[in-house]
Amino acid sequence: FYFIFVTFSTVGYGDRVALSNYGRAATIVIILVGVGVIGSTLSQIASNLSDHQRFKQFQGSVHKEPAPHIVLCGNLTYEKLKTILSELYEGNRGKSNATKVVILSKEPPTLEMSNYLSTPFLSSVVKFLVGNVQNPTD
């Protein structure tokens, strides 16, 4: 039984061998754990490489070059939002390559924010989403 495990696991017999039954049992357990850990690790590496290749293929078909963007999370006041956007877009109004902004907030925008974001330029570069950054479904 011991020699079957040693042979099938390709560990080999080597110069050092277990002489007692307890030593042989321990060797079998170590071989099984070692083969399991190596197999599991190689499986995870192969899965990660496969996922990376699929993502790379998908990414290349959607965008040739990543679009610059900023994600703002949290509860922003109208004043803070106006300050951030005016500093960000100072001198860039009307340019098609302006940085896109995504706002993720737990609360919907106030009427004042909605009116501010509805201007032609800001409505083309800012997207307001209601949700929670800690919730994967949002």
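Which residues is leucine 72 in contact with, leaving aside its neighbours within four places in sequence? They are Ile84, Val101, Val102, Ile103 and Leu104. Leucine 72 lies in strand β1, residues 69-73. The C-alpha atoms of leucine 72 and leucine 104 are separated by 6.1 Å, although the two residues are 32 apart along the chain. Leucine 72 counts as buried because its relative accessibility is 16%, and buried means under 20%.

**The chain as a whole**

This is a predicted model. The protein chain averages a pLDDT of 78, and 71% of the residues score at least 70. Among its elements, helix α1 (residues 2-8) has the lowest mean pLDDT, at 64, while helix α4 (residues 111-117) has the highest, at 91. Where pLDDT is low, the predicted coordinates should not be read in detail.

The secondary structure comes to 5 helices and 3 strands. Along the sequence they follow the pattern α-α-β-α-β-α-α-β. Of the 138 residues in the chain, 18% count as buried. The accessible surface comes to about 10600 Å², and carbon and sulfur atoms account for 61% of it. Among contacts between residues at least 6 apart in sequence, 65% join residues at least 24 apart.

In soluble globular proteins, nonpolar side chains tend to be buried together. In this model the largest nonpolar core has 16 residues, and those with the most contacts inside it are Leu85, Tyr89, Leu122 and Val126. The elements giving two or more residues to this core are α3 (78-88), β2, α4, α5 (120-125) and β3 (126-130).

Tyrosine 89 touches Ala98, Thr99, Lys100, Val101, Phe121, Leu122, Val125 and Val126, not counting residues up to four places away in sequence.

Helix α3 has the buried residues Tyr78, Leu81 and Leu85. Seen down the helix axis, these buried residues fall within an arc of 65°, so they line one face of α3. An α-helix has 3.6 residues a turn, so residues three or four places apart point the same way. The buried residues of α3 pack against β2, α4, α5 and β3. The face turned away from the buried side of α3 carries Glu79, Lys80 and Glu87, which are exposed.

Is serine 105 buried or exposed? Serine 105 counts as buried because its relative accessibility is 5%. Its strand is β2, residues 100-105. A polar atom of the serine 105 side chain lies 3.2 Å from the backbone oxygen of glutamate 107. Leaving aside neighbours within four places in sequence, serine 105 is in contact with Gly74, Asn75, Phe128, Leu129, Val130 and Gly131.

| Residue | Strand | Relative accessibility |
|---|---|---|
| Leucine 72 | β1 (residues 69-73) | 16% |
| Serine 105 | β2 (residues 100-105) | 5% |

Notes:
Residues numbered from 1 in each chain as written. Predicted model: local features only at pLDDT ≥ 70, side-chain atom pairs only at ≥ 80, totals over all residues. Heavy atoms only, no water. pLDDT = per-residue confidence, 0-100. Helix = DSSP H or I, 4+ residues; strand = E, 2+ residues; numbered from the N terminus. Buried < 20%, exposed > 50% of the residue type's maximum accessible area, 1.4 Å probe, protein only. Polar contact = N/O pair within 3.5 Å; in protein donor to acceptor, adjacent residues only side chain to side chain. Contact = heavy atoms within 4.5 Å. Areas by Shrake-Rupley, 256 points an atom, 1.4 Å probe, with all protein chains shown as cover. Core = buried A, V, L, I, M, F, W, Y, C linked by side-chain atoms within 4.5 Å. Arc of directions from axis to C-beta.
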